[in-house]
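Take a look at the sequence and the model, then read on.

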Amino acid sequence: MIRMACKPGLRALVFATVVASTVFAPVGRAWAGSPGAMPAVASGDSDDDAEAAPLMAVGDFNRDGIADIAEAILPAGDPSGLGSLTVSLGQANGTYLPTDFHLPLGHAPRSIAAGDFNGDGIQDLVVGDDDGALTLFLGDGTGKLVPAGNIARFDSVASIAVADFNHDGIPDIAVSDWRGNSVTVLLGEGKGSYRRGWSFPLPMRGKVARISTADFNGDGIPDLAVVYDDDAGATFEVMLGNGNGTFTDAPALSFSKNPNAHCAT
């Protein structure tokens, strides 16, 4: 059950952070992050859109010091169809130059994240789709990406959050699975390999949940926030990181517009 927060000031701060990272993205082109900072992560669902729009992630894929954009593109008019992945290289004048390669993706890509997942100092990508595949694409340093297979499989992938949840210097990946009704943490082992770690159930069964990561309580450990689509971002649950890849529920930082509506019956 998600309970009302008891500290309005702190709750407002958490809410602003959650909304900034999961809701206030350009319509049709959801992306967040900056090169050299936290990994860029985007999630979207264009089932209700007449024209499917791409998911985007930002990273310096050709190592020239200028931000580039990777796009997971859905076929127009068919948001459940096969997607494709491409990169546009940032230019010094603020424009972007599309590359000539398109990599095939699975059915209905739903989330994309950039980061150095194999520890070679080059930006890579992970893409999750509605069929449950979480696929790794390794950067070659020239702006191109090479498919490296699936990191893991779920019932579905709705959203991805990337951070070092266990403080070992390797980026980890949290995955929201709306069909499996859970969030699972994948712990990085280096060289692009991951193992399943801790998971927790989602209280709103059958609802699509977006996840974001930030240090919500100021202890230097990345935390997770789970935001539910059906409340337009007004319902969110905060899970505080323990520093070992596990999390503790934080009802005082969580909020529900109608808490009784999400209680188990």
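Which backbone nitrogen does the side chain of D124 reach at 2.8 Å? The backbone nitrogen of G139 is the one. Keep in mind that this is a predicted model.

- D124 sits in strand β8, which covers residues 124–129.
- The residue is buried, yet D124 has no salt bridge.
- R63 carries the nearest side chain of opposite charge, and R63 is 9.9 Å away. A salt bridge needs the two groups within 4 Å.
- Backbone nitrogens do lie within reach. One belongs to G139, at 2.8 Å from the side chain of D124.
- Another belongs to F117, where the backbone nitrogen lies 2.9 Å from a polar atom of the D124 side chain.
- Both F117 and G139 are also on the contact list of D124, which leaves aside neighbours within four places in sequence.
- That list also includes the run A113, A114, G115, D116 and N118.
- L136, F137 and L138 are in contact with D124 too, as is F61.

**Aromatic pairs**

- How many aromatic pairs does a search of the whole structure find? The search finds 4.
- W198 and F247 form a tilted pair, with 5.9 Å from centre to centre and 35° between the planes.
- W198 lies in strand β14 (residues 193–201) and F247 in strand β18 (residues 247–249), so this pair ties together parts 49 residues apart in sequence.
- Are the two partners buried or exposed? W198 is partly exposed, at a relative accessible area of 27%. F247 counts as buried, at 5% relative accessibility.
- F236 and F255 also make a tilted pair, because their ring centres are 6.4 Å apart and their planes stand at 40°.
- F236 belongs to strand β17 (residues 236–241), while F255 is in the segment after β18, so the pair links parts 19 residues apart in sequence.
- F236 counts as buried, at 0% relative accessibility. F255 counts as buried as well, at 18%. The cut-off for buried is under 20%.

- R196 places its charged end over the ring of F154. The distance to the ring centre is 4.4 Å.

Terms used. Residues numbered from 1 in each chain as written. Predicted model: local features only at pLDDT ≥ 70, side-chain atom pairs only at ≥ 80, totals over all residues. Heavy atoms only, no water. Helix = DSSP H or I, 4+ residues; strand = E, 2+ residues; numbered from the N terminus. Buried < 20%, exposed > 50% of the residue type's maximum accessible area, 1.4 Å probe, protein only. Lys, Arg positive; Asp, Glu negative; His and termini not counted. Polar contact = N/O pair within 3.5 Å; in protein donor to acceptor, adjacent residues only side chain to side chain. Contact = heavy atoms within 4.5 Å. Phe/Tyr/Trp six-rings, centres within 6.5 Å; stacked < 30°, edge-to-face > 60°. Lys NZ or Arg CZ within 6 Å of the ring centre and 35° of its normal.
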